[in-house]
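This briefing concerns the pockets of the structure shown below and the residues that line them.

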Amino acid sequence: MEHKIDIYLEKDNKFTDFLHGKIRDYNNKHSPHHRRIREKEAIRPINIIVSDNDNNWIGGLSAEVYWGWLEIDYFWICEQKRGKGLGRRILAEAEMVGTEKGATKALLTTFEFQARSFYERNGYQVVGEVEGYPPGSSYCMMVKSLL
């Protein structure tokens, strides 16, 4: 049986959507957890927005709660506000809201040069690490029990 294999070196959103849909269908077929997460309101978002006195965004956190996990997707604070306890406060708020929404654990990824030590100081443990990604650093998956 012959197959045609083409290689394209540009982003193709239509093809990416095709692959994503096929993987989603497979996961739905083989995992009841994946099926349930697609139900309305199964994923509960959390956005914590920090603004200055002029209502300019200076940082915040975006996360989702599902499968009993708080998954922190994005967390950033402007440099002038770092090192003053604001990050610790935002993280604690996210964990508290996540717990209220049913999360018992938290999950995030970070590069070593970003915030690994910050998360470790706040109770997160590295459960997976890809060394040399990017060169000279590491990519870390971190987890914390919220109980």
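**Pockets of the predicted model**

The lining of the largest pocket comprises 12 nonpolar, 8 polar and 6 charged residues (Ala, Val, Leu, Ile, Met, Phe, Trp, Tyr, Cys and Pro count as nonpolar, Asp, Glu, Lys and Arg as charged, and the others, Gly among them, as polar). The model is predicted: local features need pLDDT of at least 70 and side-chain atom pairs count only at pLDDT 80 or more, while totals for chains, interfaces and linings use all residues. Residues are numbered from 1 along each chain as its sequence is written, and side-chain values use heavy atoms, with hydrogens and water left out.

**Largest pocket**

- The space in the largest pocket is about 620 Å³ (a pocket is an open set of points on a 1 Å grid over the protein atoms alone, where a 1.4 Å probe fits, with protein on both sides within 12 Å along at least five of seven lines; a volume is the space filled by probe spheres set on the points, which are joined across faces, edges and corners).
- Its lining has 26 residues (each with an atom within 4 Å of a point), and F75, Q114, A115, F118 and Y119 lie nearest the centre.
- At least two lining residues come from each of β3 (69-77), α3 (86-100), β4 (105-111) and α4 (116-121) (helices are DSSP runs of H or I, at least four residues, and strands of E, at least two, numbered from the N terminus).
- β3 supplies the largest share, 6 residues.

**Second largest pocket**

- About 150 Å³ of space lies in the second largest pocket.
- Its lining includes N47, W57, Y74 and F75.
- β1 (44-51), β2 (57-66) and β3 each contribute at least two residues to this lining, with the largest share, 5 residues, from β2.
- This lining holds 7 nonpolar and 4 polar residues, and no charged ones.
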